[in-house]
Amino acid sequence: MPSRRDYDDIPGTIVFDGRQSRRGYALNKFLMSLNQPANREAFRADEAGYLDRFDLDDEQREAVLGRQWLRLLEVGGNRTGIQLGRAA
């Protein structure tokens, strides 16, 4: 288990640090793929099937499919990628 950091308990704040970046690598790869119009169309046509292309964990997958924007931050999503996801 990773060690606690001073900023882990800031109320209402999710710090995107190295740990979050590593956890969210596949999620952010998916989100950034939505930069391409063809990928957005593929996602709209078959969301679950499109997500199978990426190594998302169950929490990330659930957050994407449920459009749980805050949860995406909690499971490693970065703000820019989430904005792309909202546009899809």
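A cavity is a set of grid points where a 1.4 Å probe fits but cannot get out. The legends below describe a predicted model.

**Figure 1. The largest cavity of the predicted model.** The structure holds one cavity of 30 Å³ or more. The space in the largest cavity comes to about 50 Å³. Two elements give two or more residues to its lining: helix 2 (25–33) and helix 6 (69–74).

**Figure 2. Residues that line the largest cavity.** The lining consists of Phe30, Leu31, Leu34, Phe43, Val64, Arg67, Trp69, Leu72 and Gly85. Sorted by class, seven of the lining residues are nonpolar, one is polar and one is charged.

**Figure 3. The ring pair of Phe43 and Tyr50.** Five aromatic pairs are present in the structure. In the pair of Phe43 and Tyr50, the ring centres lie 6.0 Å apart and the planes meet at 70°. Planes over 60 degrees apart count as edge-to-face, so this is the class of the Phe43 and Tyr50 pair. Both Phe43 and Tyr50 are buried.

**Figure 4. The ring pair of Tyr50 and Phe54.** Tyr50 also pairs with Phe54, at 5.5 Å from centre to centre. The planes of Tyr50 and Phe54 stand at 55°, and the pair is tilted. Tyr50 has a relative accessible area of 3%, and Phe54 has a relative accessibility of 16%. Buried means under 20% relative accessible area, so Tyr50 counts as buried, and so does Phe54.

**Figure 5. The aromatic cluster.** Phe30, Phe43, Tyr50 and Phe54 are linked into a cluster by ring pairs.

Figure 6. The protein has seven helices and zero strands, and its pattern along the sequence is α-α-α-α-α-α-α. Its radius of gyration is 13 Å, close to the 12 Å that the globule rule gives for 88 residues, so the protein is as compact as a globular protein of that length. The C-alpha trace spans about 45 × 20 × 20 Å along its principal axes. Of the 88 residues, 31% count as buried. Among contacts with a separation of 6 or more, 50% are between residues 24 or more positions apart.

Key
Residues numbered from 1 in each chain as written. Predicted model: local features only at pLDDT ≥ 70, side-chain atom pairs only at ≥ 80, totals over all residues. Heavy atoms only, no water. 1 Å grid on protein atoms, 1.4 Å probe; cavity = no way out; pocket = protein on both sides within 12 Å on 5 of 7 lines; lining within 4 Å. Points joined across faces, edges and corners; volume = space filled by probe spheres on them. Helix = DSSP H or I, 4+ residues; strand = E, 2+ residues; numbered from the N terminus. Nonpolar A, V, L, I, M, F, W, Y, C, P; charged D, E, K, R; others polar. Phe/Tyr/Trp six-rings, centres within 6.5 Å; stacked < 30°, edge-to-face > 60°. Buried < 20%, exposed > 50% of the residue type's maximum accessible area, 1.4 Å probe, protein only. Rg over C-alpha atoms; globule rule 2.2 N^0.38 Å. Contact = heavy atoms within 4.5 Å.
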